[in-house]
Structures are given as structure tokens and as C-alpha cells.
Amino acid sequence: MNTYVVNFNPEIDLPIFRKVRKEFLGNENYAASTLVGVESLGRKEWLIEIEAIAVVE
């Protein structure tokens with residue numbers, strides 16, 4: 001899972017990101033992930049982009 005956050009501030013944004021991730025994905029067996037702060041995304045109103053790869057049997 002790769003997450004891109006516009007104007008990322010680790011002290012403020014990282015605890016919020018971790019809380020929301022825990023709510024959606026649980027507290028165990030996290031997938032490998034990368035969190036990157038960026039200046040902008042594809043459209044100026046977008047503030048976060050998440051790309052993920054899932055394996056479904």
C-alpha cells in the first residue's frame with residue numbers, strides 16, 4: 001500500500017493516519033506500506049491518494 005499526502009506534517013498527520021488505518025485494516029498483520037509527503041496530486045482539490053494491491057483467491 002502506498003499513500004501520498006499533500007503537505008504532510010509527520011507530527012500532526014501521522015497519528016491521524018495510523019488511527020484511521022487501524023479503523024479500516026485492524027491492528028494486526030499490516031501489509032507493507034509507504035507513506036510519502038507530496039506537494040500536489042493529479043488535481044488541486046485532492047489531498048490524499050492511496051494505491052493498494054490485493055490478492056483474492
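Predicted model: local features only at pLDDT ≥ 70, side-chain atom pairs only at ≥ 80, totals over all residues.
The protein chain contains one helix and three strands. From the N terminus on, these elements run β-α-β-β. Strand S1 covers residues 2-6. Helix H1 covers residues 10-25. Strand S2 spans 34-38, and strand S3 spans 48-51. Along its principal axes, the C-alpha trace extends over about 35 × 25 × 15 Å. The chain has 57 residues, of which 11% count as buried. Among contacts with a separation of 6 or more, 75% join residues 24 or more positions apart.

The largest pocket holds about 160 Å³ of space. Its lining consists of Met-1, Thr-3, Ile-16, Phe-17, Val-20, Arg-21, Phe-24, Leu-25, Ile-48 and Ile-50. Helix H1 and strand S3 are the elements that give two or more residues to this lining. H1 gives the most, with six residues. By class, the lining residues divide into eight nonpolar, one polar and one charged. Three of the lining residues, Thr-3, Arg-21 and Ile-48, are described in turn below.

Thr-3 belongs to strand S1. The relative accessibility of Thr-3 is 0%, so this residue counts as buried. Beyond its neighbours up to four places away in sequence, Thr-3 touches Phe-17, Thr-34, Leu-35, Val-36, Ile-48, Glu-49 and Ile-50.

Ile-48 lies in strand S3. Ile-48 is classed as partly exposed because its relative accessible area is 49%, and the exposed class begins over 50%. Leaving out residues up to four places away in sequence, Ile-48 touches Thr-3, Tyr-4, Val-5 and Leu-41. Ile-48 and Val-38 are ten residues apart along the chain, and their C-alpha atoms are separated by 9.3 Å.

Arg-21 lies in helix H1. Arg-21 is buried yet has no salt bridge. The nearest side chain of opposite charge is that of Glu-23, 11 Å away. A salt bridge requires a side-chain nitrogen within 4 Å of a carboxyl oxygen. Arg-21 touches Met-1, Gly-26, Tyr-30 and Ser-33, with residues up to four places away in sequence not counted.

Side chains of opposite charge can pair when their charged atoms come close. The structure holds two salt bridges. In one, Lys-19 pairs with Glu-23, and the closest N and O atoms are 3.4 Å apart. Lys-19 and Glu-23 are four residues apart in helix H1, so about one helical turn separates them. Both Lys-19 and Glu-23 are exposed. In the other, the side chains of Arg-43 and Glu-45 meet at 3.0 Å, N to O. Arg-43 has a relative accessible area of 46% and is therefore partly exposed. Glu-45 is partly exposed too, with a relative accessible area of 47%.

Most residues other than glycine have a negative phi. Asn-7 is not a glycine, yet its phi is positive, at about 55°. Asn-7 is found in the loop between S1 and H1. With 61% relative accessibility, Asn-7 counts as exposed.

Leu-47 lies in the loop between strand S2 and S3. Leu-47 counts as exposed because its relative accessibility is 56%. Not counting residues up to four places away in sequence, Leu-47 touches Tyr-4, Val-5, Val-6 and Leu-41. Tyr-4, Val-5 and Leu-41 are also touched by Ile-48. From Leu-47 to Lys-22, the distance is 20 Å, C-alpha to C-alpha, and the two residues are 25 residues apart in sequence.

Key
Residues numbered from 1 in each chain as written. Heavy atoms only, no water. 1 Å grid on protein atoms, 1.4 Å probe; cavity = no way out; pocket = protein on both sides within 12 Å on 5 of 7 lines; lining within 4 Å. Points joined across faces, edges and corners; volume = space filled by probe spheres on them. Nonpolar A, V, L, I, M, F, W, Y, C, P; charged D, E, K, R; others polar. Buried < 20%, exposed > 50% of the residue type's maximum accessible area, 1.4 Å probe, protein only. Lys, Arg positive; Asp, Glu negative; His and termini not counted. Contact = heavy atoms within 4.5 Å.
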